[in-house]
Amino acid sequence: MSILAHNGGAVIAMAGKNCIAIGSDTRYGISAQTLAFDKPKVYQVTETCFVGFPGLLTDAQTVYQKLKFRVNLYDLREERTIRPSTLGNMIASMLYEKRFGPYFVEPIIAGMEDGKPFLMSMDLIGATMITKDFALGGTANEALYGMAETLWKPDMEPDELFETISQCLLSACDRDALSGWGAIVHVITKDQVISRSLKARQD
């Protein structure tokens, strides 16, 4: 088993029409043993930008704490809020610094930039990919890809985007033993962030 699958989990982000959504399951486990079901893998970094960290949970917490420190420094030095694209490059350089002993996380950045959705994913050494439809990671990624390719369509409004990402997440988690036990979805527009918790199978 890959060390990336040690704690399990699923993260997915989808772009819509002037909105973007990101969600994750809430299970925390060690291999097949479930220890808790209140641990989302998505963190809010700025008012309109979230980062999902599928992978090893200890490394996810470390990377998030280092990232928050660097974002706060950026805010103080530049006297403005960091843009999602800049945040993505910041995370990529952080990961590449440790390429010989990498953090076992594959970050997904979702946010609003100039009123448009911005979506970036990367591997554990910071090789980035910017996409216009969806990005995903975690142990449920094969099931998530199938669901996302089937259900995603361009220019979805926030409510439809929420329904689509929720169905993808719940259906994929049902097909993966290492993720599930509940989910949380954040829908981001230029004006607001709507966060909703989803009930999932508890087995």
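Predicted model: local features only at pLDDT ≥ 70, side-chain atom pairs only at ≥ 80, totals over all residues.

Trainee: Which residues gather in a patch of negative charge on the surface?

Mentor: The patch is formed by Asp155, Glu157, Asp159 and Glu163. Of these, Glu157 lies in the loop that runs between helix H3 (141-151) and helix H4 (158-174), and this residue counts as partly exposed because its relative accessibility is 43%.

Trainee: Which residues make the nonpolar surface patch?

Mentor: For nonpolar side chains the joining distance is within 5 Å. Here Phe69, Leu73 and Leu76 make a patch of about 340 Å²; Phe69 belongs to helix H1 (residues 57-78), and with a relative accessibility of 54% Phe69 counts as exposed.

Trainee: Turning to strand E7 (residues 108-113), is Ala110 buried or exposed?

Mentor: Buried means under 20% relative accessible area, and Ala110, which sits in strand E7, therefore counts as buried at 0%.

Trainee: With which residues is Ala110 in contact, leaving aside its neighbours within four places in sequence?

Mentor: With those neighbours set aside, the contacts of Ala110 include Ala13, Ile20 and Ile22, together with Thr48, Cys49 and Phe50, and also Phe118, Leu119 and Ile188. As for Ser85, which is 25 residues from Ala110 along the chain, the C-alpha atoms of the two are separated by 9.4 Å.

Definitions and conventions. Residues numbered from 1 in each chain as written. Heavy atoms only, no water. Patch = residues over 30% accessible without salt bridge, like charges linked within 9 Å, V, L, I, M, F, W, Y side chains within 5 Å. Areas by Shrake-Rupley, 256 points an atom, 1.4 Å probe, with all protein chains shown as cover. Salt bridge = Lys/Arg side-chain N within 4 Å of Asp/Glu carboxyl O. Lys, Arg positive; Asp, Glu negative; His and termini not counted. Charge placed at Lys NZ, Arg CZ, Asp CG, Glu CD. Helix = DSSP H or I, 4+ residues; strand = E, 2+ residues; numbered from the N terminus. Buried < 20%, exposed > 50% of the residue type's maximum accessible area, 1.4 Å probe, protein only. Contact = heavy atoms within 4.5 Å.
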